[in-house]
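Subject: Structure handover

Hello,

Please find the structure below. My notes on it follow.

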Amino acid sequence: VKRNLIYIYLHLDCNSNLLETIPPELAGMESLELLYLRRNKLRFLPEFPSCRLLKELHVGENQIEMLGAEHLKHLNSILVLDLRDNKLKSVPDEITLLQSLERLDLSNNDISSLPCSLGNLHLKFLALEGNPLRTIRREIINKGTQEVLKYLRSKIKDDGPSQSGSVAETAMTLPKWSPESIHAIVALKILDYSDKQATLIPDEVFDAIKNNIITSVNFSKNQLCEIPKRIVELKEMVSDVNLSFNKLSSISLELCMLQKLTFLDLRNNFLNSLPEEMKLLIRLQTINLSFNRFKMLPEVLYCISTLETVRLVTSGWICGCSENEDDGKSDHIGPSNNDLLQIPPELGNCVNLRTLLLDGNPFRVPRAYLRDRIPT
């Protein structure tokens with residue numbers, strides 16, 4: 001019972017304790033969305049490899065001294081990161097891995113400079129007061145978040161990309177990519193071509209991989225109508241794929257051949273079915289199908305015995321956050337949402353399933369265990 005409870009909490013408040021480390025059970029809470037760890041004794045930002053849905057992380061008033069790629073690379077969905085009143089001396093270039101980040105609080109640390117790449121984030125709020133910043137004039141900081149980001153972007157253009165080491169070699173194949181994107185391939189094993197509004201993924205993106213190992217792919221927030229066929233080239237290494245906020249109406253066979261895939265994000269597309277070939281994803285643990293066009297639960301899900309989390313949410317703030325910042329609405333809210341009328345009893349055969357999120361669908365909640373309702 002204790003193990004199952006870990007996966008239903010969305011909000012956890014651990015403020016004002018004496019925590020120096022985070023127990024591994026907390027890092028495994030896959031449904032966690034808001035986590036408060038203020039006023040503890042943490043010296044490092046905890047790593048959350050399983051918390052793919054985490055939206056807000058509040059770790060202010062601790063003793064955190066540094067941030068590294070290993071602390072940031074799993075925060076794919078983070079919107080709010082509160083690091084105020086710590087002992088940070090710098091912000092790494094890897095901060096740009098947090099492509100969904102909207103609010104970043106760095107106030108009252110010991111930061112003397114900011115990476116220019118921070119200007120590439122789409123922040124709505126950036127707090128910097130109480131830091132001994134030397135590379136940005138005070139009058140720019142006083143003008144607010146957008147002026148600071150604009151200034152940092154201008155420095156990227158002035159300085160140009162780095163031309164040293166192995167990163168420079170990769171950069172020659174990607175003249176339009178930023179240094180942090182190249183770093184993500186070489187050092188962090190992430191292939192990131194997100195938020196480009198692209199209708200296809202250029203061949204040069206896959207060419208850039210060369211002999212590097214890639215474990216995560218992020219093609220979210222584009223205009224893709226089909227999954228790139230060359231994704232099959234990653235079938236023996238990639239474990240996480242994010243194709244959310246595109247225009248996909250079908251799933252290709254190439255995706256179904258990713259042998260090591262454990263996490264798949266397909267929310268906010270135009271899907272109404274899943275192919276039978278998806279049963280080949282024998283390691284898949286988490287799938288997010290929220291805000292699509294499903295009328296029934298795809299039968300192939302019953303065949304994936306490793307599934308632990310299925311999300312088919314159609315309303316609520318979890319997936320309602322705007323990818324179109326101007327109107328504050330999701331592109332897919334309305335008649336195109338999922339519209340499940342019933343939950344098939346065969347789903348009860350998915351014995352590893354720990355989390356099933358179906359908020360906003362019009363079905364009636366079953367009053368008995370699903371397996372008991374399977375016709376004999």
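Is Cys256 buried or exposed? Cys256 is buried, because its relative accessible area is 1%, and buried means under 20% relative accessible area, exposed over 50% and partly exposed in between, with a 1.4 Å probe and protein chains only. Cys14 also counts as buried, at 15% relative accessibility. The count of disulfides comes to 0, a disulfide being a pair of cysteine sulfur atoms within 2.5 Å.

Before the rest, some ground rules. This is a predicted model, in which local features need pLDDT of at least 70 and side-chain atom pairs count only at pLDDT 80 or more, while totals for chains, interfaces and linings use all residues. Residues are numbered from 1 along each chain as its sequence is written, and side-chain values use heavy atoms, with hydrogens and water left out.

The chain as a whole

The protein chain has 9 helices and 13 strands. Both are DSSP runs numbered from the N terminus: helices are H or I with at least four residues, strands are E with at least two. Of the 376 residues in the protein chain, 52% are buried. The accessible surface is about 18300 Å², and carbon and sulfur atoms account for 49% of that; the areas come from the Shrake-Rupley method with a 1.4 Å probe, and for residues only the protein chains shown count as cover. Contact means heavy atoms within 4.5 Å. Among contacts between residues at least 6 apart in sequence, 43% join residues at least 24 apart.

An open sheet has 6 strands in the order 1-2-3-4-5-6, with parallel pairing; two strands pair if DSSP finds at least two bridges between them. Strand 1 (11-13) and strand 6 (125-127) are at the edges with a single partner strand each, so one side of each has no neighbour in the sheet. Strand 4 (residues 80-82) runs parallel to strand 5 (residues 103-105), and 3 bridges join them. Within strand 5, Asp105 stands opposite Asp82.

Loop residues

Ser77 is in the loop between helix 3 (69-72) and strand 4. Ser77 is buried at 9% relative accessibility. Leaving out residues up to four places away in sequence, Ser77 touches Arg52, Leu53, Leu54, Lys55, Ser100 and Arg267.

Glu61, in the loop between strand 3 (56-58) and helix 3, has a positive phi near 60° and is not a glycine. At 37% relative accessibility, Glu61 is partly exposed. Asp85 lies in the loop between strand 4 and strand 5. Its phi is positive, about 55°, although Asp85 is not a glycine, and at 28% relative accessibility Asp85 is partly exposed.

Regards
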